[in-house]
Amino acid sequence: MKCRVFLLVIVLTGLAFAEPGTPYVYKNWRQFTVEDGLPNDHIFAVKSQGNHIWVGTENGLARIDKRSGKVESWTEAEGLPWRVVTGIDVNPRTGEVWLALFGGGLARFSAGRFDHWHQMNSGIVNDVAYGVAVQDEFVWVATTAGASRYNTVTKEWQIFTEKNAPMEEIWNYGVHYRDGKVHLAVWGSGVLEYDVATQRWKDYLDPDGEMEIDLYRDDGIIHVITTAANYIDKTLWVSTYFGACRYDGRNWRGYYNMDSGLASDFINNLRGRSEKEAWFATDKGASAIVDAATNTWVTYTRDANSATGRAVVTRDKTVIETVEMGLNLPHNYILAVDIDGNDVFVATSHGLAWGIGDGYYPGLRPESTVSQDVRRNQP
Amino acid sequence: MKRASLSLLLLLIALPAQEVPPGVEVDAHTLEVLRLINTKNPNHVPALGLQEESAYARTADDVTPFGAVKPYKQHFLLQMEYTGPGRAIPEPQNVDSVKIGFIGPIAPTVSVATGGASHEEALGKKMLQGAQLSIEHANQRGGYLRRKVPFELVVANDNGLWGSTGNEVINMVYTQPTWAILGTIDSANSHIAIRVALKAEIVMVNTGDTDPTFIETNIPWVARNIGDDRQMGYLLVDYLIRKRNLRRIGIIRASNRYGRFGVREIKDSARRLGQPVVIEMAYRLGGDDYSLQVDRLKEAGVDAVIHWGNAREAAIILNQLRAAGMNQPYFCSDRCISSEFTHLAGHNAEGVMAGSPWNPLREDPKLAAFQKAFRSRFGEEAETYAAHAYDGMNLLIWSIQVAGLNRAKIRDILATRATPWPGVTGDIPLTSVLDDGGDVFLGEFKRGAWIYHAREDLDIPRGITSAEAKR
């Protein structure tokens with residue numbers, strides 16, 4: 001009996017000190033810039049759907065064929081209603097591409113034709129649109145003066161502002177729909193959650209109520225100046241210009257550069273992949289928390305003076321591994337991220353990066369179970 | 001591959017600093033910044049040396065939020081930086097004029113704040129005059145000196161309805177386009193404008209919005225050269241509580257963002273000093289009868305009344321307080337320092353005190369010359385909004401003259417200025433969040449005129465920060 005207890009203690013102690021495992025690191029990257037046919041290198045939005053990557057730039061829309069790498073583009077000369085595309089979503093049922101236009105309202109690209117909704121011909125609340133999300137037959141638009149929802153069946157518009165939603169401020173920044181919930185990231189008003197079934201709103205605010213501090217890291221949203229909110233696997237991921245946070249429905253967890261692998265606290269956007277993984281578009285690289293339970297991150301940056309890049313794996317603030325690689329990101333100022341299957345797509349202010357996830361695995365794996373080929377996932 | 005390597009090699013070769021045109025004052029520090037930002041490599045992020053502070057907004061320990069608890073994270077202590085590729089964008093070849101945007105409330109419209117007539121045109125028009133005068137003075141000195149072309153003001157009305165400020169800034173960025181923007185006054189509209197400026201990467205200097213939260217957004221593209229309501233609030237609290245020990249303070253304010261955010265630091269600081277505001281009444285703008293609010297203030301037995309709103313309401317409320325037999329000291333926000341207030345308040349104005357972001361009576365040849373030029377150009381007196389717009393536009397023009405026609409470099413030059421900008425409103429040291437860290441004052445209407453007191457003039461005590469305590 002004594003022997004068994006001793007063995008159990010040994011095993012438990014071993015488990016406690018065992019490395020939790022190693023995350024997948026993307027090493028195979030492709031880049032797209034104006035030299036490849038993009039209409040502009042300053043990329044605000046990216047959306048991968050099927051065989052296509054849709055790219056919203058400061059001067060036009062592009063579509064990359066994943067199989068051939070061919071780039072098609074549309075500027076105002078080709079019918080795009082306004083030059084700056086800040087948000088993209090695709091209706092999975094119809095294939096329609098919806099575009100948030102920065103100063104131009106909302107556009108739909110379908111069957112080679114653009115349709116345009118703006119303040120002068122529709123019920124959209126403002127033309128300065130930052131994000132768009134398709135929810136069934138509805139299209140949500142995050143604008144600088146509230147959120148608008150367009151019913152594509154009845155052609156009706158609905159506006160959400162401080163008058164009919166718990167918006168302390170109306171400066172909407174991001175919108176996301178998944179699993180029956182619409183989430184709005186509202187500058188100065190945290191995150192608003194709209195339950196489609198009950199048509200009720202819920203707000204998430206910084207509990208300390210102060211702009212200049214975060215009193216406690218894990219007491220709620222870390223700051224009300226939010227930039228994006230993604231809901232996936234019943235987990236809410238939030239980005240702000242002050243750091244990031246995660247809410248699993250019961251507990252909040254904040255993330256800062258000083259206590260995690262987050263490259264910077266200035267986060268322009270995010271894409272949640274699962275309850276454990278999310279990618280953050282920071283001004284100093286693309287940071288992915290790959291295992292929330294162990295606070296394990298992989299941050300991708302490029303070298304400023306050579307065509308090389310690196311990935312730094314961290315747990316809390318400890319660097320576990322640095323993986324040198326060829327060029328990964330065209331630039332470290334990241335504006336948006338999308339994830340499709342095993343692949344990731346990173347919109348930067350100087351080109352697009354496509355991380356090809358051959359052999360991708362979620363979370364962590366013990367080093368011994370990860371073959372060198374997969375670990376290094378050489379192209 | 002070879003071509004790429006060669007390109008990279010060329011990029012590594014240090015570029016000579018751009019020459020600053022003669023007549024543009026520039027110190028060694030700025031010249032070094034100019035050398036560092038002079039890059040053709042879009043991936044290069046220059047190490048510009050970020051400003052760091054020990055206490056945000058010099059907030060004293062005893063009025064710091066949750067002062068007994070060390071917060072997990074303190075924001076705004078380290079200056080934001082711009083890490084994008086904008087510095088590598090070459091200056092355009094053909095330029096007929098250098099456009100600078102102006103957005104402010106200059107035409108009557110329907111106000112979101114009042115639900116009726118708009119109310120900030122008087123301030124906006126003055127702001128426009130100040131900006132215009134600055135542009136005219138710059139053009140008299142030769143315009144944009146690198147090209148010998150004039151500066152041109154692109155003017156937009158800050159309508160405010162349905163977020164139209166955002167549309168106007170979009171127009172200034174993509175259609176005109178402008179190289180930098182000055183504006184605006186309304187706090188909500190200012191927030192909308194800077195969100196666009198951040199995405200579009202253009203410098204925005206604010207000269208008329210005193211909302212403390214305006215600058216508390218972590219945007220590296222935004223600066224402000226007017227003392228804000230936080231600083232004026234701290235001074236009022238120090239005067240009312242630390243100096244005069246007035247225990248029962250009542251607040252009456254406009255029911256809009258200006259009123260709501262304007263008094264926030266006063267309320268919080270008073271509470272943290274153990275003398276919480278006993279009553280806060282909000283009113284709708286544009287009304288004439290404030291008897292309900294006056295009755296409540298009277299019932300509360302206040303020792304002093306603080307008003308935060310526009311000049312018109314400040315005067316009407318003051319008159320109604322006095323008519324109700326309330327002779328308590330009356331304190332205001334800076335907007336009551338105006339002829340409209342003193343005209344409407346009449347003899348009741350005597351003794352009223354107000355926060356002021358500057359001292360217009362300061363003896364300074366620069367200020368005197370500005371006031372004379374303003375009077376000559378517009379046949380009116382320059383006031384707070386005109387003077388600060390003049391300073392803000394001068395600062396922008398200086399940044400453009402030094403940096404050249406590149407939005408990111410204009411930002412860098414402005415954001416890294418090591419010495420205070422010598423404005424007509426006084427020295428303007430920019431803080432780590434690029435806010436105006438200069439002195440604010442207490443205005444007092446005495447014997448028919450406004451006079452201005454510095455903190456030291458009245459021996460107003462100040463709370464100290466931890467860093468000051470250590471020293």
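Trainee: Is Asp65(A) buried or exposed?
Mentor: Happy to start there, and keep in mind that this is a predicted model. The relative accessible area of Asp65(A) is 17%. Buried means under 20%, so Asp65(A) counts as buried.

Trainee: Which residues in chain A are linked in a network of salt bridges?
Mentor: Good one! Over all chains the count comes to 46 salt bridges. The linked residues are Glu96(A), Arg108(A), Arg113(A) and Asp115(A).

Trainee: How many residues apart in sequence are the parts that Arg58(B) and Glu468(B) tie together?
Mentor: These two form a salt bridge, with the closest N and O atoms of Arg58(B) and Glu468(B) 3.4 Å apart. Arg58(B) lies in the loop between α2 and β1 of chain B, while Glu468(B) belongs to helix α15 (residues 466-470) of chain B, so the pair ties together parts separated in sequence by 410 residues.

Trainee: What is the relative accessibility of Arg312(B)?
Mentor: Arg312(B) meets Glu313(B) in a salt bridge of 3.1 Å, N to O. Glu313(B) is buried, at 5% relative accessible area. Arg312(B), however, counts as partly exposed, because its relative accessibility is 24%.

Trainee: Which residues make the nonpolar surface patch of about 260 Å²?
Mentor: One member, Val69(B), is found in the loop between α2 (28-37) and β1 (73-74) of chain B. Val69(B) counts as partly exposed, at 32% relative accessibility. The patch is made by Tyr216(A), Phe66(B) and Val69(B).

Trainee: How far apart do the C-alpha centres of domain 1 and domain 2 of chain B lie?
Mentor: The domain assignment gives domain 1 of chain B as 86-227 + 362-439 and domain 2 as 230-356 + 442-470. Their contact takes 17 residues from domain 1 of chain B and 12 residues from domain 2 of chain B. The distance between the two C-alpha centres is 29 Å.

Definitions and conventions. Residues numbered from 1 in each chain as written. Chains lettered and ligands numbered in written order. Predicted model: local features only at pLDDT ≥ 70, side-chain atom pairs only at ≥ 80, totals over all residues. Heavy atoms only, no water. Patch = residues over 30% accessible without salt bridge, like charges linked within 9 Å, V, L, I, M, F, W, Y side chains within 5 Å. Areas by Shrake-Rupley, 256 points an atom, 1.4 Å probe, with all protein chains shown as cover. Salt bridge = Lys/Arg side-chain N within 4 Å of Asp/Glu carboxyl O. Helix = DSSP H or I, 4+ residues; strand = E, 2+ residues; numbered from the N terminus. Buried < 20%, exposed > 50% of the residue type's maximum accessible area, 1.4 Å probe, protein only. Domains from an automatic or database assignment. Contact = heavy atoms within 4.5 Å.
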